[in-house]
Amino acid sequence: MTDTSLTVAVIDPSRARAAILEEGLRAAGIGRVVVVPDTADLMERVAALAPDVVVIHLESPSRDILEQMSSVTRQAERPVAMFVDRSDAAMMQAAVDAGISAYVVDGLRPERIRSILDIAILRHNAFARLQRELSEARGELADRKLIERAKGILMNLKGLSEEEAYKQLRRKAMNEKRKIADIARAIVTTADLLG
C-alpha cells in the first residue's frame with residue numbers, strides 16, 4: 001500500500017530511535033522521510049512539511065504531546081502512527097481520543113513499520129470517510145427539518161395540505177434552479193423576521 005510518493009514525518013527526540021524508524025521506512029519503500037527531533041511548534045512544523053503520514057516515537061506520551069497530536073490529526077488531517085515504549089489504559093484512551101491512527105506499545109522493529117504505517121493510513125481514511133458521512137447525514141437531517149418547518153408555514157399561511165405545500169416548495173426550487181432546502185430556509189427566515 002505504501003509507496004515512494006509518500007512523505008513521512010518522523011518525530012522522535014532520540015536520534016537512535018529516529019534512525020531505526022527512518023531505516024524501516026526507507027526499507028518499506030517510502031520515498032521521503034523527514035526527521036523532526038523535537039515536539040516544539042509541532043503543528044506549525046507538520047503544516048510546513050505537509051507529510052502524508054506522521055510517525056512519532058516516545059518513551060511515554062504526555063498529555064501535552066497527545067493534545068498536539070490531536071491538533072495534527074484534526075487540523076492537518078494526517079494519519080498518525082505512535083510508537084511508545086510503555087503505556088497504560090488512560091494513555092491509550094487519550095491517544096484514541098486524540099485521533100491517533102495506530103498506537104503501538106513496545107513494538108518498534110524495522111520490519112513491522114510498513115504494515116503499521118499501512119494500517120494507520122487505512123484507519124485514518126476510514127475514520128475520515130465516517131466523519132464525512134456523519135456530517136452529510138446531519139446536514140440532510142437539518143435540511144429535512146427546515147423543509148418540514150417551511151411546509152408548516154405554507155400550510156398555515158395559505159391553508160394548503162402538506163402535499164400541496166411540498167409541491168409549491170419543489171416548484172419554486174425548480175423554477176429558480178435552487179435546492180428545496182434553500183427555498184425552505186428563505187421561507188423560514190422570512191417568517192422569523194415577520195414574527
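1. Helices (H or I, at least four residues) and strands (E, at least two) are DSSP runs, numbered from the N terminus. On this basis the chain holds seven helices and five strands, in the sequence order β-α-β-α-β-α-β-α-β-α-α-α.

2. The model is predicted: local features need pLDDT of at least 70 and side-chain atom pairs count only at pLDDT 80 or more, while totals for chains, interfaces and linings use all residues. Residues are numbered from 1 along each chain as its sequence is written, and side-chain values use heavy atoms, without hydrogens and water.

3. An automatic or database domain assignment gives the domain bounds. It divides the chain into domain 1 (7-108) and domain 2 (134-194), and their C-alpha centres lie 47 Å apart.

4. The C-alpha atoms fill a box of roughly 75 × 35 × 25 Å along the principal axes. The radius of gyration, taken over C-alpha atoms, is 25 Å, whereas a compact globule of 195 residues would have one near 16 Å; the globule rule is 2.2 Å times the number of residues to the power 0.38.

5. Of the 195 residues, 37% are buried. Buried means under 20% relative accessible area, exposed over 50%, and partly exposed in between (1.4 Å probe, protein chains only).

6. Lys145 belongs to helix α5 (residues 110-158). Lys145 is classed as exposed because its relative accessible area is 56%. The C-alpha atoms of Lys145 and Val96 are separated by 33 Å, the two residues being 49 apart along the chain.
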